[in-house]
Amino acid sequence: MKKLYQFIGMALIAASLAACQTNSRDQVLKTDKSQVELRSIQTRAFDTSDKPQTLRTVMATMQDLGFVLDKADAVLGTVSGTKLDGYALRMTVTVRPRSETQMLVRANAQYNIQAVEDPAPYQQFFGALEKSMFLTAHNVD
């Protein structure tokens, strides 16, 4: 009888561990919003052709918002950081040319392993970035 209880206990532990595993592909595909709608929340175009300056402004904006930057790659045009404010919000921002006169900035945020679909963090980031870009373009310190 003792072996039966041990077997049942082990089976329950194994089942609960298997249930905790997540498939990253499933997490990416699991979304309530369409990809086009999500991309429109995550992306803004800026009237500048200066990619390095745009990256510097993105980094400064993220730091102003409380993100601790841990990765930046000028060649790829990416910046990543984490904001610890009672929770861990991870954001990766990509800067790439849209045309000869515009840069496209796209932010992707994650809370734990879930993609953030709520527009609020993106609106906060882009609102601050738009102000910084405006001040930088007009040489205001």
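Is R90 buried, partly exposed or exposed? I find R90 partly exposed, with a relative accessible area of 24%; the class lies between buried (under 20% relative accessible area) and exposed (over 50%), with a 1.4 Å probe and protein chains only.

Basis of the entries. I am working with a predicted model, in which local features need pLDDT of at least 70 and side-chain atom pairs count only at pLDDT 80 or more, while totals for chains, interfaces and linings use all residues. Residues are numbered from 1 along each chain as its sequence is written, and side-chain values use heavy atoms, with hydrogens and water left out.

R90 pairs with D70, their closest N and O atoms being 2.9 Å apart. Because D70 belongs to strand β2 (residues 67-73) and R90 to strand β4 (residues 88-97), the pair ties together parts 20 residues apart in sequence. D70 is partly exposed at 46%.

I then noted R44 and E130, whose side chains form a salt bridge at 3.9 Å, N to O. R44 is in strand β1 (residues 43-46) and E130 in helix α5 (residues 119-137), so this pair links parts 86 residues apart in sequence. Both are partly exposed, R44 at 24% and E130 at 38%. Helices (H or I, at least four residues) and strands (E, at least two) are DSSP runs, numbered from the N terminus.

Confidence. I record an average pLDDT of 83 for the protein chain, with 76% of the residues scoring at least 70; pLDDT is the predictor's confidence in each residue, from 0 to 100. Over residues 14-25 pLDDT stays under 50. Where pLDDT is low, the predicted coordinates should not be read in detail.

Technical notes: Salt bridge = Lys/Arg side-chain N within 4 Å of Asp/Glu carboxyl O. Contact = heavy atoms within 4.5 Å.
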